[in-house]
Amino acid sequence: MKPQAVQSPFLQSCDIGPSPFRMESFVMVIFGGAGDLSRRKLLPTLLHLFLEGELPQEFYIVGVGRPGLSHQAYRAMMKEAVKEHMGEGPLDAQSWAAFAKRLFYSPGDLQDMGTYRRLTLRLRRLLRRCAEHVIYYLAVPPDALPHVLKGLEHSRACPRGERSKVIVEKPFGTDRASAVRLNRLIHKVFSEAQVYRIDHYLSKEPVQNIMFLRFSNTIFERLWNSRYIEHVQITAAEDTGVGDRGAFYEQTGVVRDMLQSHLLQLLALVAMEPPIGFEPDFIRDEKVKIFRSIRPLDEAYIREFAVRGQYGPGEVGGQRTRGYRQEKGVRGDSTTPTFCALKLQVANWRWAGVPFYLRTGKRLKRKLTEIALVFKQPPLRLFGRACDVLEPNCLLLTIQPRERICLSFGVKYPYGSNQIYPVKMVFGYQEAFNLRPHPPYERLLVDCMKGDLTLFVRQDGVEAMWAVVDPLIQYWEAHPPKGFPNYRAGTWGPRGAERLLARGGRKWLLG
Ligand SMILES: NC(=O)c1ccc[n+]([C@@H]2O[C@H](COP(=O)([O-])OP(=O)(O)OC[C@H]3O[C@@H](n4cnc5c(N)ncnc54)[C@H](OP(=O)(O)O)[C@@H]3O)[C@@H](O)[C@H]2O)c1
């Protein structure tokens, strides 16, 4: 799992110390065990971890779901799923057999208490085989969450109360009020220290690296503030459309789907103060402070500094694609936004006056997640005749598809007179560490098994993130757009997004 260590006399040990977290034997109960997330991501990741020797000796997986499947039928279904989605060459029969014998299925509707009674019996038997704790993975649609939590509360399916954990998928609620309600329900069964609210973006190596880059390098951290940084851009562009999840997306839209979770988490990592240590809560404390310091979005501000869009038909990667309104499960006159761009102000000492521009959307020109820190120009322009290229210094952190860090600066153009030329210094994760692709859920599942909450969102964090975006959702829902669709699939979104930056004399930077 780990990349080859770099041998260097300059590598220093740090004070983080050995991890206090330990992998314990477990039973993982997956509610929605036959659903899309389980088939495409969870089971392939669990098998991958098993094959890598990352799982403890004793572990069991129990899928819970509506289809009335036997253990054998469930194993056969999951075998097909992992073959299709694991992408690691042919599955060897012996390894699969060793994994499959730990897989069980417990059928039933989540609204039926009988489902939890059956599950309790199954869990008792498995826990007797010396599994130390139970991890409940709620891989169900948001409207099924209350049923599961009620079922767990009223049954004894939670036999090692204090030792159990629960993983909750995004979206966590649909606004702040619903997130508060959901947190209350969860806390009837689990204490906050048992709750793992997942955001799979946070498992990406370059995302985790943001803190390492910032807090271990004098050359960056010294400049990481309003004195030197002119503005910050965060782009999370998807080239895909909504696929067959149109009905789900109609209820969600881009703000709930991407902005409230992934983009605000990236913003927090860029903007937060150094934590006082690497304890999960020290880091999560700093992130919450950032969400709370974002200037509230009132109506006038939204009209001025937020742009929404919806894709129409177009062409992506040489393929003709349909518009959002033609997608399965989407209304023909839908006003659901599939794109948004906005300017946020982090009103604290470090960032006062530095705009943070966020942009995300579906069916954009290409898949790209990137953070750009654009530096101020030097105080006196010694250079800069009309023919010179006076690009600002820029630190570009590319999260996907190519994980890399790129620093751009100006050098003297050789042979000519005093002419500046922009160049780039690039660090590529892939080239430096020979990284293999890892399933996105790998790191998060391992962290949960070990009890490390660092990468999971805390209750106050999730509520504070909703508090940032709630006014935007409410305003846009109360004022439906007139001109949707307003961008062609395969472009970088509506013109308004360009104008948002152009007004400040800026432009979006692409990798
Ligand atoms: N799929 C992804 O890639 C992905 C990525 C990120 C987050 N998520 C989140 O993960 C969660 C699950 O998504 P999904 O895509 O896996 O959804 P899904 O394919 O609809 O799967 C949900 C599963 O839950 C079961 N279920 C729903 N209501 C039930 C009930 N009352 N009783 C018993 N079973 C019930 C469904 O059974 P039936 O099939 O019988 O209805 C289905 O097997 C959602 O919150 C989603 O937002 C998914």
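How are helix 1 and helix 13 oriented to each other?

**View 1. Crossing of helix 1 and helix 13 in the predicted model.** The axes of helix 1 and helix 13 (residues 442-450) cross at roughly 70 degrees and come within 10 Å. Helix 1 and helix 13 are therefore roughly perpendicular to each other, as an angle from 65 to 115 degrees is counted in that class. Helix 1 contributes Thr45, Leu46, His48 and Leu49 to the contact, and helix 13 contributes Glu442, Leu445 and Val446. By class, the residues of this contact of helix 1 with helix 13 comprise 4 nonpolar, 2 polar and 1 charged.

**View 2. Surroundings of the ligand.** The ligand is surrounded by 22 residues, and the closest are Gly32, Gly35, Asp36, Leu37 and Arg66. Helix 1 (residues 36-51) supplies the largest share of this shell, with 4 residues. Divided by class, the shell around the ligand holds 10 nonpolar, 7 charged and 5 polar residues.

**View 3. Division of the protein chain into domains.** Domain 1 covers 26-169, whereas domain 2 consists of 202-435 + 466-502. A separation of 36 Å lies between the C-alpha centres of domain 1 and domain 2.

**View 4. Packing of helix 9 and helix 14.** Two packed helices are described by the angle between their axes and the distance between the axes. For helix 9 (residues 246-271) and helix 14 (residues 459-478), the axes cross at roughly 145 degrees and come within 10 Å. The crossing in which helix 9 passes helix 14 is right-handed. On the helix 9 side, Val255, Arg256, Leu259, Gln260 and Leu264 take part in the contact; they meet Met465, Trp466, Val468, Val469, Leu472 and Ile473 of helix 14. The contact of helix 9 with helix 14 has 9 nonpolar residues, together with 1 polar and 1 charged.

**View 5. Packing of helix 5 and helix 6.** The axes of helix 5 (residues 145-154) and helix 6 (residues 176-189) come within 9 Å, with a crossing angle of roughly 20 degrees. This angle makes helix 5 roughly parallel to helix 6, since angles under 35 degrees count as such. The crossing of helix 5 and helix 6 is left-handed. Leu145, Pro146, Leu149, Leu152 and Glu153 of helix 5 form the contact with Leu182, Leu185, Ile186, Lys188 and Val189 of helix 6. The classes represented in the contact of helix 5 with helix 6 are nonpolar, with 8 residues, and charged, with 2; no polar residues are present.

**View 6. Backbone geometry at Pro401, Pro485 and Arg363.** Most residues other than glycine have a negative phi, and most peptide bonds are trans. The peptide bond from Gln400 to Pro401 is cis, with omega near 5 degrees. Pro401 is located in the loop between strand 14 (394-400) and strand 15 (404-412). Phe484 and Pro485 are likewise joined by a cis peptide bond, for which omega is about -5 degrees. The loop containing Pro485 runs between helix 14 and strand 17 (487-489). Arg363, although not a glycine, has a positive phi of about 55 degrees. Its place is in the loop between strand 12 (355-361) and strand 13 (368-375).

Note on methods. Residues are numbered from 1 along each chain as its sequence is written. This is a predicted model: local features need pLDDT of at least 70, side-chain atom pairs count only at pLDDT 80 or more; totals for chains, interfaces and linings use all residues. A residue is near a molecule or strand if its C-beta atom, placed from the backbone, lies within 6 Å of it. Helices (H or I, at least four residues) and strands (E, at least two) are DSSP runs, numbered from the N terminus. Ala, Val, Leu, Ile, Met, Phe, Trp, Tyr, Cys and Pro count as nonpolar, Asp, Glu, Lys and Arg as charged, and the others, Gly among them, as polar. Axes are lines fitted to C-alpha atoms, for helices over the stretch in contact, and angles run from 0 to 180 degrees between N-to-C directions. Angles under 35 degrees count as roughly parallel, over 145 as roughly antiparallel, 65 to 115 as roughly perpendicular and the rest as oblique. Two residues are in contact if their C-beta atoms, placed from the backbone, lie within 7 Å. Domain bounds come from an automatic or database domain assignment. A crossing is left-handed if the near helix is turned anticlockwise from the far one by less than a right angle, and right-handed if clockwise.
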